[in-house]
Every structure is written in C-alpha cells, then in structure tokens.
Amino acid sequence: MAIYYDHNAGTITLTTRNTSYQMKADEIATLLHTYYGEKTDLSDMSYAVHMMNRGLSGNPYEKGQTDRAYSLDQLPQEMSCFGTGDYRASALKITNEDGTWAVRLKYAGHKVTKGKYSLPGLPASYCENESAETLTVTMKDEESGVTIDLLYGVFPDLDIITRAARIENNGPGAKYVNKAGSMNLDFVTGDFDLITFYGKWARERIPERTPVNHGKVSVGSVRGASSPHYNPSAILCGRNTTEDAGEAYGFAYVYSGDFLFEAEKDQINQTRVICSIHPDDFSWKLEPGEAFCTPEILMTYSNAGFSRISNNFHDFIRKHIVRGKWRDVRRPILINNWEGTYFNFNGDKLVAIAEDAAKLGIELFVMDDGWFGKRDDDNSGLGDWFPNEAKLGCTLKELGDRINGTGLKFGIWFEPETVSEDSDLYRAHPDWAMTIPGRKPDRSRNELILNMAREDVQDYIFDRMADVLRSAPISYVKWDYNRSICDKYIATLPADRQGEITHRFILGTYRVLEKLLTEFPDLLIEGCSSGGGRFDAGMLYYTPQIWCSDDTDPIERLYIQHGTSFIYPVNTMGAHVSASPNHQTRRTTSLATRAVTAMSGTFGYELDLNKLDDTEKEEVKREVRVFKELYETLEQGDYYRLTTPDSDTCTVWEQVSKDKKKAVVNAVYHYVRANHAPVYVRLKGLNDDMQYRARLVEGHGEQYLSRFFKHENTLFEEGRTFSGRTLATRGIFIPAPLSEYQAWQIVLEEI
Ligand code: DGJ
C-alpha cells in the first residue's frame, strides 16, 4: 500500500521507497500541502504550517472576524486558485459566466484505486500491473460549480509521483479555463535554486541554475511546441546540492505544447512551484457538464543530488512512458542519408549506401527528406506524401525491397504537421494551413503550419501516412516538425474558442500518432523537430527516441547530451556519427570520438558511407561491434555525469549495468595540450565489494599509450583488479589525450 488516509488527523500520505508526500484538508476544507521529501513516518506534518496575522493578506469569510492568522495568501496548498485571496502565482484561473475570476476549491472527498490513471487523448505514464496506485481528490467550488479531480499516480518502487487534474464545469453557465496547472507544489521552508534547460536550434537543453529569490523565476514556451528554447522540465534544489549530495526535486511535463514553469519565493520565504499549460496562449471554454484534463507531470525527489533525480527519471521514462515493442528490445543501429546526400539522391544512390552499411553491421536505412512530391529543396512539396517515383527511379515498394535485400530494414521521413504553399495539398486546401484571414502569415523555412486542431486535417494526414506505410516494407518513421506555430486561427471555432488552438493542435498530433501506432504497433517512430525542438516526455510516449539535435558535432553534442541526461535516458537521445569536418561547425574529429559520443545515444550514422576509405570502414565495423557489446550497460544502465563540459578539460560520464557487474567510463577531451595534466575522476554506482578489471576499448590509439605511460601498477596492468570501493574513493586517471578531441572508453568488468 502506498497511499494512507488517517481518519483522525485527516492526512493523506503518499509513500514511495524513499519519499513521502502529504496533504491534509483543514477545518475549512482547504487542501493543504504539508510535506514532500525524504521518506518519513505517517505523522501529521501540518504542525509546520506557519500562520500569522499579516497585513494585506486577507482572511476567508468563514474564519469570522477574529482569526486573522488564517490566510490563503500564506498557506501551502495542493491547488492554488486565482482571485480568492492567494496573491502568489496560481495554478488555476477560471473565468465564470458573469466575467468574474473567482474560484476557491474545497476538499470534497477522495478515493484510492489500484493501478495508474490514464488521461483521455493525452500521453501519460502507465503501469502494466497494480503496483502503482491512484489517489483522486475531489475539490469543489460551490459558488461557481467548478469541480476538480486532482489525480496522483504513485509508483512506489521508482520514487515517482505523477499529477494531473480534471476540471469539470458543473455550474449553470459556460466557463473559461485561463490557466490549467498540473502541479502546485508549496515548500514552507528552504532556499532553492531552479535548474532549467535552455537552448536554441542546434544547441538544446543546456542546464542553467538560477537562485529562486523573492519574485518569480519562470521558463516556458508559446511556440506551440515544447521548444528547444526551454525544455518542459526543471529541477528545484538546495543552494549547495551537487551531483551526489543534497536535496533536489525533479519535474518533467508529459506534454509537447506550450508550457510554463514558475518558481516563486513569497513574503515569508516559502517557495511555490507551478507547472501549467502556458496561460498566455491558452483559454479553454467549458460548457456546463464539460470537462478538461490537464497534461501529466512527473515528480521525483532525491536526498542524494542530481544523479538520483536523473536515474529515477531514466528508469521511469524507459519503462513507464516509452511503450510497445521498442521499449524492451535493442533498437536498430541506423544510417540516415540526410547529411550524406541532403536532397540530392535517387534510389540507386540510397541502395549503394545501404549495401555498404549492411557490410558494416548497420541494421536500418532511413530515407530522409526529399522522397515525395516536388521536393528537391525545402521550398516546396510538404503535404504531398506521394513518392516521387521519377526521382527514386522506382516505386517505394521496390526501393524498400531493394533496401531489405541488402539486409537492412527500411525507414522513411515525414513532416506531417506542416505544408508548403507550393504543394498540391495547399492548392487544394489553402484553408487547411493556419493563417489569420486578412493577414499575411509568418513563413518559417517556407512552411506553413497545417491546422492539426481540425479533425479533417488529422484524418487526411493519417490516411496519407497509413497509405504510404501500407504500400512498402517500412519499419521506421522519422516524424519531423520544423517550425513554431504562429497566425493561430481556426475558422471552424468561434471567437471565444480561439484560445484553444495550440492545445487542440497538439491533441491532434497525439491523435494521429496514436492511430498510427494502433494500426502499426511495431513501427518505430523517431521524433524530431529541427533536431531536439520537441524533446519531452509527451512525445516519448509515442516516439521512443527523439533526434537530439541537428548539431552532430561530437564536441557540441557533449554539452547537448549532458544537459539532456539530467531528465531523459540515453536510449531516447537520437545520436549519429556524421562526416568530418562537421557540417554545422566545420570541426574535424576522429571517427572514434564521434562514435563514443553517439554511443551514449541511440547510435547510428549519418554520412555517405561510400565516401569512406577501407580503413575508415573497418573503424565503423569496430564501432558497431563495440556498441552491440556494450549496449546493455550504455543504454539501460545507471548514468553518472563525472565532469561537466563547461568547466572541465574533458567530459567524462559513466554508465553502470543494473547488476553492477559492468561499467563504461567515457571520456572526450575538449582540447589537446603538450604535457597534459592528468584528469582524475571518482567512479560512481559500482558495488563496493565487487572486484573489477579495467580495459581500454581498442581503436582509440591505445597502442601509442605505452610510449608515454608506464603500464605497471596502473589501472590497466594485466591481471590487476580493484574493488568498487577503491574505484569510488581513490578514483582513476583518464589517460591523457594523444590528439585533439581524443576519446577513451574504459570498460570495467566484475571478475
Ligand atoms: C530537420 C531535421 O532535424 C533533420 O535531421 C532533417 O530531417 C531535416 N529536417 C530535413 O528537412
């Protein structure tokens, strides 16, 4: 049992293996949040809620004229409301039919059920058995008739608690939900920093730590997608929290549209964290009897720094967000032709690359942009999802068969949610593009947005994609999305529902994805949005991997994948070895360095293999072999950031298999220097009592090491073993770089 109700105290306590979370309805039915943190007993924690008569913080009427200490403006709550006496950031803002904004929720009951709730039309974590439990707390505002079910999913073994809310209008007239929060989390004590993940195209998810001082810290997106600019995830932590020590709370929004994370420190130094659909771009009309479901948010707590936050999320996302066949099996090592050929290809050229790929152990060939309609550059053709047989020199089925004939599976690129003005689809249905009548739209990459909020558009996209998938042996789809939404308008909705567009848009996208997976359950879909522009737990519910960034430079990727790793597991991060010099940075790096970085991702290639010489092809063969050998540890193991790319000369990270019998230490130097000072790290996650033997993965120039290093009495000495405890306390030296951007992989195996 993970959810306890204490009748006498009125507390509801949620417990996981290492954490406790508590709420309590007080004497006037305000649902107080009384605790979230390290596991404790079931004591009523409300004694620590501090109430004092404060000027300018009002008192609810039912408290009479004597109790001036009770104020919603200072109480920690499970769901704060705008307009009824709490002046801090609020999780819920509703406009009533008379134009007033007042809603005040009161506890009206709760129930506990076995298993995990689901959310209609929205991605949400799931549990295949009854080890998860759901708490539903019903809250009501008698005056307006608004009823809310607060949903909590408790995954005891994984230290994850999820939240969502279902808002129902049981009042007489229409209402507008102007702010729909999934989470309101109040801390009565603590000085915190907020870590968020900012970025841009080709530089996504860079961690930034900001003190939460008086006032608000917030990040969000109004681009219609979660965006590369701010990721819909955050970590709230103590001022001194590090990778391994200190308190931290992790949040990951299971949503791919507009979002807002806010952290506010109030007048008495309490901190409130809210996650909602971005209210600037949202208003949802509820007719009497209608309901609205917020997206889900995942929460986790660690008293041992960020590593634990990351590993909690990694384990959870791998098994309770990602679904279907590709959750549990190794996904194919792919070769994508985008950086190899761009638009300049035909069927023969692709088959020639696939033939080489097959000889090197690669398993899937992905034909990227340019195979359909009139599409030889990015100015035309989007929406015309009919193979360009003249360009391919054959039908799609014939091409798929030829690729399969080389031994590779066949995959294909789509950008379903956009349309080119120069396309048959746009000419036939100009009204399907999102534009505001009388206003010229904002073009982006010469694309317009298709109005995915419309069901007829969703059905068209599904039918076209399904037809293509039925017509050829296609086992993988790259689902791309290359712009932000602008010019929001839907002719089929009245003026007072135009604020629903971006949410309806993303629901439309989810609907098409769900339909595709229903008809093609074994299809592997890789998400993409100009790289990692829509990298979130919502998309991961449909697309088990997401192209992490259009920046394939391995040194740039150290930063991007490092930031991504705080929340998302390695096996969700699309990462490829591309050509050198790199197309985004012109930087030259070795194949080995590129491979070490890409192996801490889904691992694939994105270059013209026909241009590699024999030595390079042998090198690729070696990398593919190494990846297959280390797969379980690299992709399914626990993940540790041993240094940070920003402040160190060498980025070092480590994965440890779940049974702790194997670990891989990966290191990439940022520069080379004569007479390099040693780089030293302490290993993490090993079993103190196991004995490990270390070896360098071959192929990185290790044959030259003996020239510079003594070998006796070192980590790599023949036959030498070390306990996990020694490696964690005394640590190890990373061999010095032999050339610029030198990479090393050290494997430790229990003997
Ligand atoms: C953007 C993606 O991120 C690239 O990988 C590639 O698929 C292009 N779009 C194709 O237009």
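Me: Which residues lie nearest the centre of the largest pocket?
Reply: The model is a predicted one. In it, 28 residues line the largest pocket. Those that lie nearest its centre are Lys710, Thr714, Leu715, Phe716 and Phe733.

Me: Which elements give two or more residues to that lining?
Reply: Both helices and strands contribute to the lining of the largest pocket at that level. The elements are β36 (691–696), α14 (705–708), α15 (724–729) and β38 (732–734).

Me: How much space lies in the largest pocket, and how do its lining residues divide?
Reply: The space in the largest pocket comes to about 700 Å³. Its lining residues divide into 16 nonpolar, seven polar and five charged.

Me: What is the volume of the second largest pocket, and which residues lie nearest its centre?
Reply: The second largest pocket holds about 540 Å³ of space. Its lining has 29 residues, made up of nine nonpolar, ten polar and ten charged. Nearest the centre lie Trp201, Asn482, Ser529, Ser530 and Asp550.

Me: Which domains each give at least three residues to the lining of the second largest pocket?
Reply: The domain assignment of the chain gives domain 1 (3–320), domain 2 (335–635) and domain 3 (650–750). At least three lining residues of the second largest pocket come from each of domain 1 and domain 2.

Me: How far apart are the C-alpha centres of domain 1 and domain 3?
Reply: Domain 1 covers 3–320 and domain 3 covers 650–750 in the assignment. The distance between their C-alpha centres is 43 Å.

Me: Are α12 and α13 roughly parallel or roughly antiparallel?
Reply: Helix α12 spans residues 591–599 and helix α13 spans residues 614–636. Their axes come within 10 Å and cross at roughly 25°, and the crossing is right-handed. Angles under 35 degrees count as roughly parallel. The two helices, α12 and α13, are therefore roughly parallel.

Me: Is the crossing of α11 and α12 left-handed or right-handed?
Reply: Helix α11 (residues 554–564) packs with α12 at an angle of about 15°, and their axes are 9 Å apart. The pair is therefore roughly parallel. The crossing of α11 and α12 is left-handed.

Me: What is phi of Asn269?
Reply: Asn269 has its place in the loop between β16 (259–265) and β17 (271–276). Its phi is positive, in a residue other than glycine. The value for Asn269 is near 65°.

Conventions:
Residues numbered from 1 in each chain as written. Predicted model: local features only at pLDDT ≥ 70, side-chain atom pairs only at ≥ 80, totals over all residues. Heavy atoms only, no water. 1 Å grid on protein atoms, 1.4 Å probe; cavity = no way out; pocket = protein on both sides within 12 Å on 5 of 7 lines; lining within 4 Å. Points joined across faces, edges and corners; volume = space filled by probe spheres on them. Helix = DSSP H or I, 4+ residues; strand = E, 2+ residues; numbered from the N terminus. Nonpolar A, V, L, I, M, F, W, Y, C, P; charged D, E, K, R; others polar. Domains from an automatic or database assignment. Axes fitted to C-alpha atoms, helices over the stretch in contact; angles between N-to-C directions. Parallel < 35°, antiparallel > 145°, perpendicular 65-115°, else oblique. Left-handed = near helix turned anticlockwise from the far one by under 90°.
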